[in-house]
Amino acid sequence: MPRKLAIPFTGSSTTAQPERPAERRPSQSKGNRLSQFFSSTKPKDQTTAQQGLLAMQNNPAAATASSTALPSISVSATTTGELNEESTTIFQPTDSTETSLQRRREAQFGPLLDSSHCYVSMHHGEPLAAPIIDEPPYYYVLTTYISYLLLLALGHVRDFFGKRFSKKPLYRTLRASNGYAPLNDDFDSFYTRRLKLRIDDVFARTSTGVPGRYITLLDRHSDNYNESYTYLGTTTETLNMSSYNYLGFAQSEGPCANAVEECVRKYGLSFCSSRTDAGTSDLVSEVEKEVAAFVGKPDAMVFSMGFVTNASSFPALVSKGCLIISDELNHASIRLGARLSGAVIRSFKHNDMADLEKKLREAIAQGQPRTHRPWKKILVAVEGLYSMEGTMVDLPGILNLKDTYKFYLYVDEAHSVGALGPQGRGVCDYFGIDPSRVDVLMGTLTKSFGANGGYVAADKHIIDKLRSCNAATMLGESPTPAVLMQIYASLKIITGELVPGEGEERLQRIAFNSRYLRLGLKRLGMIVHEMLKRNISVVVVGYPATPLISSRARFCVSAAHNKDDLDRLLAACDEVSNILQLKFSTGIAGGLKPLPDGVTPENEAAWRKANGLEGVVEPPRWPLEEVIARGAADAKLRLR
Amino acid sequence: MELNEAQAYVQASLHNLFEAFQRVPGSAVLIRYIQSSYQNDPIRSAIELVLVIFFLREDEIDELVKDWEPEPLVADQTSFEENEAEKIPVVVGPTGPKVRLGNGRTVTNLASYNFYNFNASESIKEKAIQTLRTYGVGPCGPPQFYGTQDVHMQTEADIASFLGTQSAIVYAHAFSTITSVIPCFCKRGDVIVADKMVNYSIRKGLEASRSSIRWYNHNDMADLERIMKKVAEEQAKKKILTRRFVVTEGLFEMLGDCSDLPKLVSSLFPPVPA
């Protein structure tokens, strides 16, 4: 439904004005209240932020009242694909600005439709089964390879002639001329030019507004096969399954945004300096304290970019003579950090504890290559939740090995912090493991907290040392006040200190949503990599992040979605996958028909034996209606 | 005498075997390695020999594992570092030409890069709040995955027109910008000639690029020219042509002086004849 929407910041920048006075009105009143705490006149007061937020806690009625100015009694019918919420809203606010406010709020954070749509994310003690990788039939694998071969062959033919005869600027950077070597190696850039460009339209769609429950995309069009785009000036609002907004903190109003507004008024926009010069402010120290307390470590440090957190922490921890054993699917930032550190890097098979143990024994027994000196130290680097496969790290398994092999453990919780565990504190929380058993906990603040940047948390002496030898802290700029306040306020909401109950609801909604969606997709017959948490404006992920033939669509689930949104998504997936013939799953990875009455999961094996059904797996192809009808209840049971 | 014959036979065959071994390519290297390692540490080479003859048994590995004591994850802070850490000022409230410190004193601030004090500009703050109320705080995704918003594109276009370039990219973190840009263009095998005084993040970028790096004396154009010529000659001799980059800074972070850009451009990159 494209509708004309003026883009703020273009030209006069007053285009977004008409809406503004109305939307800011409630925040002003709250802002005044907050500002009393923020601009507190006590000169030695270093905990202004703390007080400001605590005050909100002491006055929860006001805070909640303002964030839910209107009772959300909306039985919205978003499943129809059109946004006709007004038509089904039982309670019709009289004021039209209130209506648009309400609509706006719900586009950022959907109302919870039923209190049963919540689930507590935690490990129930069952052994962590190795993920079952279901493969599509050979016919499709083969045709995928053939398509790629065709594209590769075509691309090479075009390059061959283009480089020799064409005058197009595209080829200029590929040719040597005037004594200059070509700026791009044709081989290096081949994937980008010949494969990705064809489908470039699906990547990096430009959006406007808040990337919350819905996302507003700018409509664009390309006349030259995606080399450049012309923007049509219209926008389309879509269901957002593409943003890392696990807890739905991408909001332009509510307690977080109010706190941030006050903070900008007080602190300005930047600290204009690195941490060791004059960039250490009271605010940053306080946020570090809160982050440390949240993840359960004595101390923490925050960085202004998640990628840099990894890239700069490894060189500060390990050096020549040390060994890094890294999971083969670790993120690029870990690999870059490891490379910059100068340590020897080995990798082990993804989440395979037996392989890790083998590598550890070999490393300790053989010592450093050639000299055979013992390693100074061994650092095992893993991720809490792997972004591409959706698998969770076997933390109990690794900790068992840690006791024996005395390595140090670095867990990257970029995707898990804030999303996993009953209290949202990451994998340790999920497994019920004391965080002190992990040496270094790293995570990003971009995803669950709706802010930006990353943190490293560890024992005090480790962080003190890191502070004095981490390049990004010494020379890189300090995070900005707005970002720090967003982190601070969202953390307080998650812990329940601010707007009690809301944090818990968000945590339980993301857990329910991801389980519901995963089960639904499996029942429809799709191969689901995502394991527990993934939020739909779909992300298309391709090489080099994934193997060449297994490019995938990723759904990033958020607490801001409700069941209606997910049902809409399931319906869309059902339709699309029928058109594209994507229902490949064989059923070995789940989504099976429920067991008949009287048969429990425990005696399933016996029942199968009795009925001669051993090893028979019926490919799941549930009708959509049944998926939706049964999903909510079944998502809370053990998934099958 | 049977015994004598046997002894001669064994000797002859050993001699043959040794000669055959010497004919194997690389054998000399192996012998030298064993000899030198024996000289450095006879016990170690003995152990290695044992390792070769008997593979490590599982229980031996267990013992090695038990014996191995890693160094602590981080070394203790040096007293210098402790001192430095203590001296870091904590700024309370906003930064500006005068700042209030954690110890209650208000001091003149000569440590922030706040050239125009835009940090205190009310109109910019107002704009920021307006943006906050339209977009929220974080874009919640990397640029390639729906993290690009119209504000980003607009900012990029503004910067490009300000600098007079065709386009621009905005990075989230100034410090890592150059570190990640250099490896995008400079690959393994390329040659980078860099000023000796470039800042830390440039150095990290150079390191990450895996190119071969030459250094020229700070702001010494003659030295740069000499090195460039040498590189060109070397490459001409080997008949290879790689990308060659010169990396320098506009205003040096460490020294505060400027590159001689006009000379740099005119002497090294003469206008290409049309």
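Student: Which residues line the second largest cavity?
Tutor: In this predicted model, the lining consists of Arg275(A), Met301(A), Val302(A), Phe303(A), Ser304(A), Ala472(A), Thr473(A), Gly476(A), Glu477(A), Ser478(A), Pro479(A) and His173(B). A cavity is a set of points on a 1 Å grid over the protein atoms alone where a 1.4 Å probe fits but cannot get out, and lining residues have an atom within 4 Å of a point. Local features need pLDDT of at least 70 and side-chain atom pairs 80 or more, while totals for chains, interfaces and linings use all residues.

Student: Which element gives the largest share of that lining?
Tutor: E5(A), with three residues. Strand E5 (299–303) and helix H17 (471–474) of chain A each supply at least two; helices (H or I, at least four residues) and strands (E, at least two) are DSSP runs, numbered from the N terminus.

Student: Other topic. At what angle do H12 of chain A and H10 of chain B cross?
Tutor: Roughly 95°, with the axes of H12(A) (residues 332–341) and H10(B) (residues 200–209) coming within 10 Å. Axes are lines fitted to C-alpha atoms, for helices over the stretch in contact, and angles run from 0 to 180 degrees between N-to-C directions. H12(A) is therefore roughly perpendicular to H10(B) (65 to 115 degrees).

Student: Which residues make the contact?
Tutor: Leu336(A), Arg339(A) and Leu340(A) meet Lys204(B), Glu207(B) and Ala208(B), contact being heavy atoms within 4.5 Å.

Student: And how many salt bridges over all chains?
Tutor: There are 28, each a side-chain nitrogen of Lys or Arg within 4 Å of a carboxyl oxygen of Asp or Glu. One of them pairs Arg105(A) with Glu253(A), the closest N and O atoms being 2.9 Å apart.

How values were computed: Residues numbered from 1 in each chain as written. Chains lettered and ligands numbered in written order. Heavy atoms only, no water. 1 Å grid on protein atoms, 1.4 Å probe; cavity = no way out; pocket = protein on both sides within 12 Å on 5 of 7 lines; lining within 4 Å. Parallel < 35°, antiparallel > 145°, perpendicular 65-115°, else oblique.
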